[in-house]
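Please read this briefing alongside the sequence and the model. It covers a pocket, a helix and a loop residue.

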Amino acid sequence: MTVHAPTPAEKRMLSEQVYAHLRTAIMRGEYAPGDALKPQDLSRQHGVSLAVVREALVRLVGEGLVDRLTNRGFAVPAFSDDRWQQIGEARRAIEPVLLRMSIENGDVKWEGDVRAAHHRLARTPAFTPEEGEYYSETWAEAHRVFHRTLLEGCGNLVLLEIFDRMWIASELARRWSTHRNPDRDGNDEHRRLEEAVLARDPDSAVDILTRHLTLTTAGLAAQEG
């Protein structure tokens, strides 16, 4: 009996499926911080080859959602890892600069996009019964779009690509922090940020954004103690 070897297209599809499953599981807290991700176990679990699993894991490493260990194993990032502090510092250094550029350079269309993105975020439930205590995927995407739209007025695609990479890397930390700090009023933070941006008040907007970015890092750091 001849065993069918997957074509390159089939291999990519399988890797995409494993990647999507692992990414969702990590983001939803189904793996604890520091948990090992063993390719052999994942290969059996998903019924795919080790090569497919490793491709998915390497992609997650590139996003900052998985660590590649010195012995070539893989693990969910440890909660005490100071990378989250570094990501927070990077975002506070870069995003306020992009926001100032957006306020200076953004046109009327950008203003409309900001309004629309905030309206979508404000009208999207953060939690749904079917997703329990975790943020809904719909809200998480609306949140990402709002923050990215605020910065798109800068017109610099290279800087926006840096934002995209930082956002993915920080998403896990943000969810951990928010889950541990349920009293934080993110809706009010987003509302005030939108108002300052559309008022073309860069100083106020930057102050609000910097505090907004700081709260996640500070909340997570408080839990480390």
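**The second largest pocket**

The second largest pocket has a lining of 11 residues, and Arg-23, Glu-141, Arg-144, Trp-167 and Glu-171 lie nearest its centre. This is a predicted model, in which local features need pLDDT of at least 70, side-chain atom pairs count only at pLDDT 80 or more, and totals for chains, interfaces and linings use all residues. Residues are numbered from 1 along each chain as its sequence is written, and side-chain values use heavy atoms, leaving out hydrogens and water.

**Pocket**
- A pocket is an open set of points on a 1 Å grid over the protein atoms alone, where a 1.4 Å probe fits, with protein on both sides within 12 Å along at least five of seven lines; lining residues have an atom within 4 Å of a point.
- Helix 1 (8-27), helix 6 (137-152) and helix 7 (157-180) each supply at least two lining residues, and helix 7 gives the most, with five.
- Helices here are DSSP runs (H or I, at least four residues), numbered from the N terminus.

**Helix 3**
- Helix 3 (residues 50-63) has 14 residues and reaches 20 Å from its first C-alpha to its last.
- Its buried residues (under 20% relative accessible area, 1.4 Å probe, protein chains only) are Val-52, Val-53, Ala-56, Leu-57, Leu-60 and Glu-63.
- They cover an arc of only 130° around the axis, which puts them on the same side of helix 3; the arc is that of the directions from the helix axis to the C-beta atoms.
- Gly-64 follows helix 3 and has a positive phi, near 85°.

**Ala-126**
- Ala-126 is in the loop between helix 5 (108-123) and helix 6.
- Ala-126 and Asn-187 are 61 residues apart in sequence and 9.9 Å apart in space, C-alpha to C-alpha.

Key:
The expected span of a helix is 1.5 Å times one less than its number of residues. Buried means under 20% relative accessible area, exposed over 50%, partly exposed in between (1.4 Å probe, protein chains only).
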